[in-house]
Amino acid sequence: MSDFKQVVLGLGIVLSFIGCLQSDVLYANGSVKVYEKRIISFYEIGLGTVPSSPAVGVTHFATYVKDMEAGYLLNDVDVIFTATDNELGKQISPKPMTSSLMDPNYYELDINFETEGTWTVRLIFNMESSSHEVNYEVSVRKPNPIIPILTAGVLLLFLIILGLSARAWVKEYRKKK
């Protein structure tokens, strides 16, 4: 085995060992990158959104409940979601958040925001022994119109390049025949 391969293998083993020693656990459900956490009684409650900066339109919310004493996520909680626009007073009626099929420890819901502004999101957690409530401030903005335009432009440019390449290939193919 070459020296380079031995160094890479040794480094991999060391990094794996260091990873095992870490006591922090990273919770994620695959779509939400960052959770805003609150401690209520003996529970840690995290709320995250996709996109991470909510815009007018559909926003995906995901939450979890962690028992701080036991150190694990709870999957037998009824979670109710409500939201109120702080400026206009519009309210999103209470909706249940459902457990994720891929990971039942996470509760998810898609909400359509019709107006921009600062919204207060209220989550109510009903557990066997108790009920808890937590509030989050969510800033909803107008979507940036430049991004879809740039995406469409890049797609169109890609199709033009693909078409010109196919045309050139067909010309060369016909010459050879």
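**Exercise 1. Describe the salt bridge between Lys142 and Glu116.**

Solution. Lys142 and Glu116 form a salt bridge, their closest N and O atoms lying 3.9 Å apart; the term requires a side-chain nitrogen of Lys or Arg within 4 Å of a carboxyl oxygen of Asp or Glu. Helices (H or I, at least four residues) and strands (E, at least two) are DSSP runs, numbered from the N terminus. Lastly, Lys142 counts as exposed at 62% relative accessibility, whereas Glu116 counts as partly exposed at 37%. Buried means under 20% relative accessible area, exposed over 50%, and partly exposed in between (1.4 Å probe, protein chains only).

The model is predicted: local features need pLDDT of at least 70, side-chain atom pairs count only at pLDDT 80 or more, and totals for chains, interfaces and linings use all residues. Residues are numbered from 1 along each chain as its sequence is written, and side-chain values use heavy atoms, with hydrogens and water left out.

**Exercise 2. State how many salt bridges there are, and describe the one between Arg122 and Glu133.**

Solution. The count is four salt bridges. In the one formed by Arg122 with Glu133, the closest N and O atoms are 3.0 Å apart. Arg122 belongs to strand S8 and Glu133 to strand S9, 11 residues apart. Arg122 is partly exposed, with a relative accessible area of 33%, and Glu133 is likewise partly exposed, at 41%.

**Exercise 3. Locate Thr82 and list its contacts.**

Solution. Thr82 is found in strand S5. With a relative accessible area of 8%, Thr82 is buried. Contact means heavy atoms within 4.5 Å. Apart from neighbours within four places in sequence, Thr82 touches Ile92, Ser93, Pro94, Thr120, Val121 and Arg122.

**Exercise 4. Classify the ring pair of Phe61 and Phe81.**

Solution. The structure holds seven aromatic pairs. Rings of Phe, Tyr and Trp (its six-membered ring) pair if their centres lie within 6.5 Å; planes under 30 degrees apart count as stacked, over 60 as edge-to-face and the rest as tilted. The ring centres of Phe61 and Phe81 are 4.9 Å apart and their planes stand at 55 degrees, so the pair is tilted. Phe61 lies in strand S3 (residues 57-67) and Phe81 in strand S5 (residues 78-85), so the pair ties together parts 20 residues apart in sequence. Phe61 is buried at 0% relative accessibility, and Phe81 is buried at 0%. Ring pairs link Phe61, Phe81, Phe113 and Trp119 into a cluster.
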